[in-house]
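Have a look at the model first, then read on.

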Amino acid sequence: GKAAAVRLTPDRKTLCANRRDVVCVTADIVDSRGTLVPSAADRITFEVTGPYKLLGVENGDILDTEPQKALTRKAFMGKALLMLQATGEAGTLRIRATAEGLKAGNAAVKTE
């Protein structure tokens with residue numbers, strides 16, 4: 001179907017506040033039924049609050065030369081990947097992903 005929302009899926013729910021743990025958050029462009037839209041190339045903008053270090057944002061497109069240390073990326077085949085590293089501070093990472101005309105996606109990851 002037609003792209004309707006951004007779905008965020010972190011690969012873990014908790015990080016150790018040890019300056020080494022990393023969470024990878026997959027952003028999928030999905031239709032109204034939650035099915036991936038592989039033709040989607042929407043620009044996704046990430047907003048992150050809480051204690052984190054940005055490692056990068058990637059989409060898997062070898063021809064994409066955009067900077068990886070930015071909180072925005074064009075989806076490739078309906079996907080993008082946000083990589084965040086824990087700091088030495090405990091808290092909650094709140095992640096929001098928006099794309100024009102699509103319902104925003106939200107996720108949270110605790111750092112302990």
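R73 touches D42, R43, I44, V57, E58, N59, D64, E66, P67 and Q68, leaving out residues up to four places away in sequence; touching, or contact, means heavy atoms within 4.5 Å. This is a predicted model, where local features need pLDDT of at least 70, side-chain atom pairs count only at pLDDT 80 or more, and totals for chains, interfaces and linings use all residues. Residues are numbered from 1 along each chain as its sequence is written, and side-chain values use heavy atoms, with hydrogens and water left out.

R73 is buried, at a relative accessible area of 1% (buried is under 20%, with a 1.4 Å probe and protein chains only). Its side chain makes a polar contact with the side chain of D64 at 3.3 Å and also reaches the backbone oxygen of V57 at 3.5 Å. A polar contact here is a pair of N or O atoms within 3.5 Å, one able to donate a hydrogen and the other to accept it; residues adjacent in sequence count only if both atoms are side-chain atoms.

So where does R73 sit? You'll find R73 in strand β6 (residues 72–74); strands are DSSP runs of E, at least two residues long, numbered from the N terminus. Five strands make an open, mixed sheet in the order β2-β9-β8-β4-β6. β2 (14–15) and β6 are at the edges with a single partner strand each, so one side of each has no neighbour in the sheet.

Strands pair if DSSP finds at least two bridges between them.

| Pair | Bridges |
|---|---|
| β4 (residues 43–49) and β6 | 3 bridges |
| β4 and β8 (residues 91–98) | 5 bridges |
| β8 and β9 (residues 105–111) | 7 bridges |

Methods: Helices (H or I, at least four residues) and strands (E, at least two) are DSSP runs, numbered from the N terminus. Buried means under 20% relative accessible area, exposed over 50%, partly exposed in between (1.4 Å probe, protein chains only).
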